[in-house]
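Trainee: I'd like to learn how to read pockets, cavities and helix pairs in a model. Could you walk me through one?

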Amino acid sequence: MKKAKKILIVRTDRIGDVVLSTPVIKNLRIAFPNSWISFMCRPYTKDILEGNPYLNEVIVYDKYGKHKGWFSSAKFSLWLRKKKFDWAVILHPTNRVHLITYFAGIPFRVGWDKKCGFLLTKRIPHTKDEGQKHELEYTLDILREIGIKIVDKSLYFPIKEEKEHYIEQLLKSKGVEKNDLLLVIHPSASCPSKRWPQRYFSSLIRLLKEEFHPKIAVITSKSEVIHGELLIKEHPDLIDLRGKLDISSLASLLRRANLFISNDSGPVHIAASLSTPVISIFGRNDKGLSPQRWKPLGENSFYLHKDVGCKQCLAHNCNKGFLCLREIKPEEVFNLVRGILEKSC
């Protein structure tokens with residue numbers, strides 16, 4: 001195989017997926033110390049990549065904005081062609097990505113044999129839906145398939161000094177001192193089948209306040225603030241940061257936190273990448289979405305999951321009222337929190 005002078009890594013899905021793909025960057029850099037390495041991503045994940053010391057460039061592909069429509073994507077592909085990449089390492093299969101890299105004339109294109117996979121020059125059988133290993137290992141499998149040795153599996157998230165200062169001042173304005181116990185709670189997720197009931201989060205907060213008297217911040221994305229409404233209503237003393245933080249600021253908040261409690265979602269992996277203790281709550285009895293594939297990684301990372309005997313997961317069409325989530329009781333999460341805090345504080 002021809003040595004690559006210019007490598008394009010591509011991943012255009014969500015926050016957690018991109019965080020879990022950061023070891024690919026470092027291992028490519030170790031294998032090709034003098035190569036130019038770029039990463040193509042969506043606009044809202046670029047902060048995960050900008051500032052990564054093993055990257056030369058972050059390329060933003062805006063499917064829903066600047067590059068919306070096939071004509072704009074074709075123009076983007078022609079622009080990419082001018083960069084003369086030797087390799088495209090495609091970590092998540094989409095029709096558009098396979099078409100874009102094909103028409104960009106990148107000679108070697110490796111990825112999963114799914115969604116126009118025939119456009120790749122090196123196709124790997126797609127078995128992710130079987131959930132036999134963690135997503136991190138799936139991403140590294142692409143490198144293994146092309147003979148690249150895996151040296152380091154650590155996640156990386158770039159911390160920005162200006163965001164550290166911003167969060168420090170923000171917390172100070174909310175009455176949080178440097179030595180205060182700070183817990184961060186994320187009561188939302190991308191799908192109803194991933195959302196632990198708000199009333200359970202509220203009960204958990206009550207238990208935490210009674211025993212530990214912590215400062216508690218609540219976060220969500222701008223589009224999901226409704227999923228924290230009950231918490232703010234029942235606990236008006238919470239620090240309400242719903243929809244108020246960009247990804248870099250969120251990372252600085254999680255870095256300061258003593259513990260992060262969340263549904264299965266992207267911020268879980270940001271916390272894990274920063275070695276912040278994290279508890280992730282999982283629903284769904286689906287191998288491809290199981291903790292085995294998506295749990296937070298690291299010795300400070302924990303998860304809760306209940307198998308309630310569903311032979312087939314119907315996801316958001318669940319006819320059991322998301323029993324898998326309701327079976328994880330607030331007291332069970334609280335006991336796990338107690339064990340973590342007693343060990344770390």
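Trainee: Okay, let me start here: which element gives the largest share of the lining of the second largest pocket?

Mentor: Keep in mind that this is a predicted model. Here's the general idea: rolling a probe the size of a water molecule over the atoms shows where empty space is left. In this case, H6 gives the largest share of that lining, with 6 residues. H6 spans 161–173, and together with H9 it makes up the elements that give two or more residues to the lining.

Trainee: What is the volume of the second largest pocket, and which residues line it?

Mentor: Its volume is about 320 Å³. Among the lining residues are Glu164, His165, Ile167, Glu168, Leu171 and Lys172, and also Ser252, Arg255 and Arg256. Sort the lining by class and you get 7 charged, 3 nonpolar and 2 polar residues.

Trainee: How much space lies in the largest pocket?

Mentor: About 1,500 Å³. There are 48 residues lining the largest pocket, and the closest to its centre are Arg14, Ile15, Asp17, Tyr44 and Ser190. Helices H1 (15–19), H9 (247–256), H10 (266–273) and H11 (291–294) each give two or more residues to this lining. By class, it holds 21 charged, 14 polar and 13 nonpolar residues.

Trainee: And cavities? How many of 30 Å³ or more does the structure hold?

Mentor: A cavity is space where the probe fits but cannot get out, while a pocket is open. This structure holds 1 cavity of 30 Å³ or more. The largest cavity has about 30 Å³ of space, and its lining is Lys194, Asp264, Phe282, Gly283, Arg284 and Leu289. That's 3 charged, 2 nonpolar and 1 polar residue.

Trainee: Now the helix pair. At what angle do the axes of H2 and H5 cross?

Mentor: To read a helix pair, look at the angle between the axes, then at who touches whom. The axes of H2 (residues 22–31) and H5 (residues 135–145) cross at roughly 30° and come within 9 Å. Angles under 35 degrees count as roughly parallel, so H2 and H5 are roughly parallel to each other.

Trainee: Is the crossing left-handed or right-handed, and which residues meet?

Mentor: The crossing of H2 and H5 is right-handed. From H2, Pro23, Val24, Asn27 and Leu28 meet Leu136, Thr139, Leu140 and Leu143 of H5. In that contact, 6 residues are nonpolar, 2 are polar and none is charged.

Conventions:
Residues are numbered from 1 along each chain as its sequence is written. This is a predicted model: local features need pLDDT of at least 70, side-chain atom pairs count only at pLDDT 80 or more; totals for chains, interfaces and linings use all residues. Side-chain values use heavy atoms; hydrogens and water are left out. On a 1 Å grid over the protein atoms alone, a cavity is a set of points where a 1.4 Å probe fits but cannot get out, and a pocket is an open set with protein on both sides within 12 Å along at least five of seven lines; lining residues have an atom within 4 Å of a point. Grid points are joined across faces, edges and corners, and a volume is the space filled by probe spheres set on the points. Helices (H or I, at least four residues) and strands (E, at least two) are DSSP runs, numbered from the N terminus. Ala, Val, Leu, Ile, Met, Phe, Trp, Tyr, Cys and Pro count as nonpolar, Asp, Glu, Lys and Arg as charged, and the others, Gly among them, as polar. Axes are lines fitted to C-alpha atoms, for helices over the stretch in contact, and angles run from 0 to 180 degrees between N-to-C directions. Angles under 35 degrees count as roughly parallel, over 145 as roughly antiparallel, 65 to 115 as roughly perpendicular and the rest as oblique. A crossing is left-handed if the near helix is turned anticlockwise from the far one by less than a right angle, and right-handed if clockwise. Contact means heavy atoms within 4.5 Å.
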